[in-house]
Amino acid sequence: MRFPFPRAARTAPPAAAVFSPADSPDSSDSSGSPGSPGSPGSPADGEILLETVGLTKAYAGADGALPVLSGIDLTVRAGEIVALLGRSGSGKSTLLRCLSGLIPPSSGTVAYRGTPLTGANPGSALVFQTFALLPWLTVRQNVELGLEARGVPPRERAEAAVQAIDLIGLAGFESAYPKELSGGMRQRVGFARALVVEPDVLMMDEPFSALDVLTAENLRGELLELWESGQFPTRAVVLVTHNIEEAVLMADRIVVLGSRPYGTIRETVEVDLDRPRDRDAAAFDELVDRVYRIMTGRPKETRLPGRADGARPDRRTVANTPLPTASVDGLAGLAAMIAHRGGCCDLADLADELGLDIDDMLPQLDALDLLGFAEIHGDDLLLTEAGTAFAGADVQESRTIFAGAAVDVPLVRLITNGLRGRPGTAVHAGFFRDLLAHHYTSEQVDRQLETATDWGRYAGLFGYDAALREYRLDEETP
Ligand code: ADP
Ligand code: MG
């Protein structure tokens, strides 16, 4: 399918990558000549469309800049689907926003077809997890929005929108309003809205993760079919995901982002499987396993100094040991499950059996490791002696065992020692918040304090009054 405009008229030439109104195709261009060979029109397969060099990004925190991404060197070429894979908080969305020019990097460069960006990337369009559709506009009008912003006249706009709607499987829904649509249909409108501008690079930020399993699988399949058929009006796709199977299913290249201490490229994996890919094939499985290992394995320099590798526990600090978001209940459940399997299991198999994504499970695994309840070797997890005892204990024993482990966790220790230094006095949560704000964003501070409070309370180390937002030593604490 072709859209009514020749691609060349819609693709900003590199020299104009800094957008000005001149980048918007105007109506007189729409009948203009398509890109001749050698013109900056449609990029040839293999041409570098996006390139970051030494990209870092830090957000402003209470106490100066908080680094989120560091040393990112990435290229995206015409003809490929690149997945940015990482756990929640590893900076995937931040990187995508830098690539689309919505936010500037703190240092380093992002270039589109060789020209550094100084504003929104004229060759990209974004699809989000949930697309903000305007409820008072029909499907067609919502899809037309992107073209309207580029100054495309009404008739051609409508024509292009109808074709994009058709392409993405929404024919018949042109005049429906968003509230009449299912989640999957709404997400299709999001795709149509991005595709209608024929971006060189389609950028998607976890586009399937808000959909139910079947709808997501169906949409993935349809998009891949379109991509393979050559009907896809874009030259490259950047897909942000935390789902390993999704990355292996869709991508030609998987860029694995690590999050300790902040987002860096841990490894890039080429996916050399024929399409359509078979999730049940041994090669598919092997690749999923390999990526699991890359995501769970901790490179030496960022390994938590803890008991597992024999380092002194006092080397761990609040700054280098963020508390993973994991409830005591969840940890106890997971420990019991592993104990049931003989105290040792393959992480990939476990996730599979539980029907979980890696993203759902890693905080729990980190927590077990941090507490000294488990050791992770490659993709195997081993319960330690303490972990086995914790898994098999009754409620009272379990609290005692947990207390012995939690008191060595830096943030729990900070709160406990803070209170012990002032016997009989309550300490306001704000005190600990301020200390943490030196190292973390306020969202991270909230999450970590929530976890520390859960752990400390269960361990009987301290109490917390949520109404007053005050911590107190637990009276019974020895
Ligand atoms: P991901 O998409 O991999 O989950 P994000 O890029 O959204 O990761 O976030 C990376 C880190 O940056 C997180 O710790 C998040 O809390 C922080 N962060 C994201 N956006 C902002 C912002 N606008 N201001 C401050 N911190 C932010
Ligand atoms: Mg994100």
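Of the 478 residues in the protein chain, 49% are buried, where buried means under 20% relative accessible area, exposed over 50% and partly exposed in between (1.4 Å probe, protein chains only). The model is predicted, so local features need pLDDT of at least 70 and side-chain atom pairs count only at pLDDT 80 or more, while totals for chains, interfaces and linings use all residues. Residues are numbered from 1 along each chain as its sequence is written, chains are lettered from A and ligands numbered from 1 in the order in which they are written, and side-chain values use heavy atoms, with hydrogens and water left out.

The secondary structure of the protein chain consists of 16 helices and 16 strands. Helices (H or I, at least four residues) and strands (E, at least two) are DSSP runs, numbered from the N terminus. Among the contacts in the protein chain with a separation of 6 or more, 71% are between residues 24 or more positions apart; contact means heavy atoms within 4.5 Å.

Two packed helices are described by the angle between their axes and the distance between the axes. Axes are lines fitted to C-alpha atoms, for helices over the stretch in contact, and angles run from 0 to 180 degrees between N-to-C directions. Helix α3 (residues 139-149) and helix α4 (residues 154-167) have axes that come within 9 Å and cross at roughly 120°. This makes α3 oblique to α4, given that angles under 35 degrees count as roughly parallel, over 145 as roughly antiparallel, 65 to 115 as roughly perpendicular and the rest as oblique. The crossing of α3 and α4 is right-handed; a crossing is left-handed if the near helix is turned anticlockwise from the far one by less than a right angle, and right-handed if clockwise. On the α3 side the contact is made by Val139, Arg140, Val143, Glu144, Leu147 and Glu148, and on the α4 side by Arg157, Ala158, Ala160, Ala161, Val162, Ala164 and Ile165. By class, the residues of this contact are nine nonpolar, no polar and four charged. Here Ala, Val, Leu, Ile, Met, Phe, Trp, Tyr, Cys and Pro count as nonpolar, Asp, Glu, Lys and Arg as charged, and the others, Gly among them, as polar.

The crossing of α14 with α16 is right-handed. Leu411, Val412 and Ile415 of α14 make the contact with Gln448, Leu449, Ala452 and Trp455 of α16. The contact of α14 with α16 has six nonpolar residues, one polar and no charged.

The structure holds eleven aromatic pairs. Rings of Phe, Tyr and Trp (its six-membered ring) pair if their centres lie within 6.5 Å; planes under 30 degrees apart count as stacked, over 60 as edge-to-face and the rest as tilted. The ring centres of Trp227 and Phe232 are 5.9 Å apart and the planes stand at 80°, so the pair is edge-to-face. Trp227 counts as buried at 13% relative accessibility, and Phe232 is buried with a relative accessible area of 9%. Phe432 and Tyr471 also form an edge-to-face pair, with 5.5 Å from centre to centre and 85° between the planes. This pair links distant parts of the chain, with Phe432 in helix α15 (residues 429-436) and Tyr471 in strand β16 (residues 470-473), 39 residues apart. Both Phe432 and Tyr471 are buried.

Several loop residues were examined individually. Pro105 lies in the loop between α2 (92-99) and β4 (107-112) and is partly exposed, with a relative accessible area of 23%. Pro105 and Ala58 are 47 residues apart in sequence and 8.0 Å apart in space, C-alpha to C-alpha. Not counting residues up to four places away in sequence, Pro105 touches Leu55, Thr56, Lys57, Cys98 and Val110. The peptide bond from Arg275 to Pro276 is cis, with omega near -5°, and Pro276 lies in the loop between β10 (264-270) and α8 (282-296).

Glu198 is not a glycine, yet has a positive phi of about 45°. Glu198 is placed in the loop between α5 (183-195) and β7 (201-205) and is buried, with a relative accessible area of 2%. Arg469, also a residue other than glycine, has a positive phi near 55°. Arg469 is in the loop between β15 (462-465) and β16 and counts as partly exposed at 37% relative accessibility.
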